[in-house]
Amino acid sequence: MTDQVEVAEGKAAGWSDWWRSGKPLVWLNALAVALSISAVAGLLALLAVRGLAHFWPAEVLAFEYLDQGVKTRVVGELIRRESPSSDGLEAASEQWLVKTGNRRVNPPDFRWYARDGIANLRTPADLVVVERREWGRAYGRLRALYEGDARVASGERVWAEIEARREQLQSLRAAAADVQSKGVDAIDHALEQLRIERRKRAFDALPPSLELVFRERELKERSAEYEQQLREIHAALNRDRLHLDTMNGERIELPLGDLIRIWRPNQMSWSEKLGHYFVGVRLFLTEGPREANTEGGVFPAIFGTSLMVLLMSVLVTPFGVLAALYLHEYARQGLLVRIVRIAVSNLAGVPSIVYGVFGLGFFVYFIGGSIDELFYAHARPAPTFGTPGLIWASFTLALLTAPVVILATEEGLARIPRSIREGSLALGATKAETLLRVIVPMASPAILTGVILAVARAAGAAAPLMLVGVVKFAPTLPIDGHFPYIHLERQFMHLGFHIYDLGFQSQNVEAARPLVFATALLLVMVILLLNSSAILLRSRLERRYRSSYQD
Amino acid sequence: MSEQGAAEFEGLPSSAPAEEICLQVDNLSLAYGDVQALKNIRLDIAKRSVTAFIGPSGCGKSSLLRCFNRLNDLIDDAKLDGEIRLGGKSIHAPDVEVSELRRCIGMVFQQPNPFPKSIAENVAYGLKLHGALPQSEIDDRIEEALRRVALWDEVRDRLGESAFELSSGQQQRLVIARAIAVEPEVLLLDEPASALDPISTLRIEELIHQLKDRYTLIIVTHNIQQAARVSDYTAFLYLGELIEFGVTQAMFTNPQDQRTEDYIAGRYG
Ligand SMILES: Nc1ncnc2c1ncn2[C@@H]1O[C@H](COP(=O)(O)OP(=O)(O)O)[C@@H](O)[C@H]1O
Ligand SMILES: [Mg+2]
């Protein structure tokens with residue numbers, strides 16, 4: 001009875017009661033959370049679908065195309081369909097974008113076809129796709145395999161012959177890479193050292209040294225030997241040549257040394273396709289880019305991004321922590337410190353490109369230039385450190401992210417109860433001992449929060465890096481086998497800039513597009529990886545330094 | 001000399017007639033900026049005794065306690081007048097190392113404040129600050145300190161665990177162990193039991209009884225029964241002034257000042 005009365009009253013009170021109950025607010029909160037989650041999930045899904053689909057071995061279509069009375073035969077992969085625009089000018093049919101490959105004999109490698117003109121659409125099982133070092137993919141039929149001038153197989157039997165040669169090719173390539181890195185590169189490096197030494201002597205007005213001359217001659221002889229070895233390996237690699245027939249009857253001749261992968265998608269089983277897919281992803285992750293970045297992998301960019309972010313963290317953490325310690329623990333709290341703190345917060349909002357300009361002017365030209373003047377005078381005017389490079393990019397980003405670390409650390413310091421500090425001081429610890437033994441460890445989760453934010457900001461920043469060290473293509477990694485092993489002055493590749501380069505600078509937009517998505521996905525993954533390792537570390541520290549006052 | 005002076009000046013019963021004096025507070029005034037927290041305090045603390053500071057909240061008990069180990073040095077606008085002497089020597093003398101002073105005068109706070117370290121590391125904290133001891137020596141000292149606060153049997157098997165795993169009563173005994181591990185002369189306790197449950201409070205009070213054999217203890221409390229139970233001498237502060245100071249028994253049975261009587265009777269709340 002009474003219940004019913006209450007319900008009736010509740011209804012009568014209506015909207016204002018409902019509003020006051022707080023339920024609308026809860027719904028709005030939930031809505032906001034749901035929206036942000038779906039935004040993030042949607043972003044990742046889009047990147048994943050568009051990026052990862054690229055590695056799937058799509059079917060190769062063959063069809064006849066009739067355009068204004070001319071009939072051509074087309075082979076290629078369907079990239080996307082576009083429905084006719086509904087403005088009704090021409091009753092156009094669906095348009096197909098087909099990757100026809102064979103850029104060398106028959107450019108361009110992406111073409112649009114109207115669905116209406118397409119006839120006799122098939123997926124012949126014997127079509128092969130070839131991924132090669134140059135000129136993008138080739139599509140066609142196997143014709144013959146030549147060893148020198150002798151034809152060893154023709155037609156379908158070519159496939160088995162290539163299979164049979166796979167291991168040999170691989171070992172030859174490994175041998176070539178070995179000779180290149182251990183022989184040619186090492187000698188080039190030694191010769192460069194010699195050249196610098198000679199310049200140094202000249203610079204110091206010392207007489208030319210006979211020993212240097214002998215060493216150089218010896219190196220050059222050895223270099224010639226290695227070059228000869230390399231030539232032999234390449235000759236062996238290129239001895240066998242594959243002939244393909246394209247759909248239009250042209251012939252593509254391809255030394256097996258240039259062949260990266262060959263597959264027949266139309267007769268692959270699911271498991272074969274899956275295997276092919278993962279090999280593709282692996283190559284993308286572990287290989288360097290080819291053909292102006294539109295083919296091949298992004299390993300140097302992954303490496304460069306991670307190394308730069310790590311270096312940045314190593315630089316910014318002590319710097320930010322020291323600055324925060326000074327501001328929070330030592331500086332006399334007053335107007336000046338307040339102003340400094342506001343200035344620091346505002347620095348966090350300065351556009352990143354401004355930091356890039358500052359980094360170029362200050363780190364590269366001023367600091368780097370001074371280092372060159374002091375230590376590398378003999379190498380001038382060629383700059384050593386006075387040019388954009390990894391170290392300056394890291395410094396610039398450390399500066400860019402310092403406010404984040406400072407503010408987060410200060411917040412952590414402020415959260416430590418006064419009784420802990422006093423407890424340590426009351427035991428006879430000095431202020432410095434208290435800071436080092438108790439306060440900084442307790443603030444370490446907060447410091448890591450700052451570092452996490454800094455990493456996210458640094459890994460995502462592409463604009464400032466273009467000024468201070470990132471390049472479209474770097475021939476060498478910043479770490480290699482030559483003394484001093486870590487070459488911080490080198491220019492490097494970066495995933496963020498790579499995306500920009502692929503997306504905006506590429507000549508071959510269609511070829512680059514899937515890589516844009518794949519690289520963006522990768523960049524997100526790298527940031528997630530870096531962040532989650534920091535978060536993991538933080539939660540361990542939190543468990544360790546969890547203070548009973550904070551619960 | 002000065003304790004007699006104080007007694008004469010304030011007209012109070014002689015503070016520590018028969019015993020050796022450990023700390024002398026001589027005409028001490030303390031101001032935080034414009035707030036005068038302590039006014040012309042004079043009192044003597046007898047060695048190996050328990051002195052209680054009582055008084056209503058905000059009367060300056062903690063401020064006075066924190067003068068002994070110069071913890072007020074940390075507060076920028078705190079201004080101190082007068083002098084405190086430890087064993088006849090001013091603690092403000094220029095040649096006094098503050099950290100050395102604080103090693104001699106340990107302190108326990110209202111909230112248990114163990115460091116985010118293991119139980120053993122907490123006790124060893126002060127030891128490791130003052131010179132390198134061999135690990136075996138440190139282990140012995142840890143055990144001794146923990147035994148003295150009657151915590152050893154409870155934690156002997158988990159010395160490596162975080163101090164936060166302990167109950168707050170155990171934590172408070174741990175920080176007392178931490179304070180006495182460096183062998184101070186004086187132990188300052190600022191409302192050491194006010195955040196604890198009755199049973200833990202009882203244990204702390206027992207502990208204070210035992211520690212009196214070796215250390216000079218000064219305890220701040222606003223629990224009058226507690227002061228009566230644990231202390232030998234009691235000082236009653238009111239609005240920054242020392243109203244009355246004397247043997248606890250005498251003061252509680254026969255307060256000289258009306259304000260003391262009112263406070264003991266519970267009329268200040
Ligand atoms: N750090 C400080 N800055 C300014 N005033 C303070 C500070 N600490 C204490 N006071 C003031 O000094 C007076 C005495 O405080 P306190 O010694 O903490 O009293 P009690 O411990 O007896 O409750 C109070 O009026 C308090 O507001
Ligand atoms: Mg107090």
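Reply: Contact here means that heavy atoms lie within 4.5 Å. This is a predicted model. With residues up to four places away in sequence not counted, A:Leu397 touches A:Met308, A:Met312, A:Ala458, A:Ala461, A:Pro464 and A:Leu465. A:Leu397 belongs to the largest nonpolar core, which has 75 residues. Together with A:Met308, A:Met312 and A:Leu495, A:Leu397 is one of the residues with the most contacts inside that core. Helix H15 of chain A, residues 509–545, supplies the largest share of the core, 14 residues. Another core lies apart from this one and has 46 residues, including B:Ala145, B:Ile176, B:Ile204 and B:Leu217.

H4(A) gives the most, with four residues. By class, the lining of this cavity has five nonpolar, one polar and three charged residues.

The open spaces include the second largest pocket, with a volume of about 680 Å³. This pocket is lined by 27 residues, and those nearest its centre are A:Glu329, A:Arg421, A:Lys431, B:Leu74 and B:Ile75. At least two lining residues come from each of helix H7 (299–330), helix H10 (390–415), helix H11 (418–426) and helix H12 (431–460) of chain A, and from helix H3 (98–104) of chain B. The lining of the second largest pocket divides into 12 nonpolar, five polar and 10 charged residues.

Cysteines are the last topic. The whole structure has zero disulfides over all chains. A disulfide needs two cysteine sulfur atoms within 2.5 Å. The sulfur of B:Cys59 is too far from any other for a bond, because the closest cysteine sulfur, in B:Cys67, is 13 Å away. B:Cys59 has 1% relative accessibility, so B:Cys59 counts as buried. B:Cys104 is also in no disulfide, and the nearest cysteine sulfur, that of B:Cys22, is 9.7 Å away. Buried means under 20% relative accessible area, and B:Cys104, at 15% relative accessibility, therefore counts as buried.

Notes. Residues numbered from 1 in each chain as written. Chains lettered and ligands numbered in written order. Predicted model: local features only at pLDDT ≥ 70, side-chain atom pairs only at ≥ 80, totals over all residues. Heavy atoms only, no water. 1 Å grid on protein atoms, 1.4 Å probe; cavity = no way out; pocket = protein on both sides within 12 Å on 5 of 7 lines; lining within 4 Å. Points joined across faces, edges and corners; volume = space filled by probe spheres on them. Nonpolar A, V, L, I, M, F, W, Y, C, P; charged D, E, K, R; others polar. Buried < 20%, exposed > 50% of the residue type's maximum accessible area, 1.4 Å probe, protein only. Core = buried A, V, L, I, M, F, W, Y, C linked by side-chain atoms within 4.5 Å.
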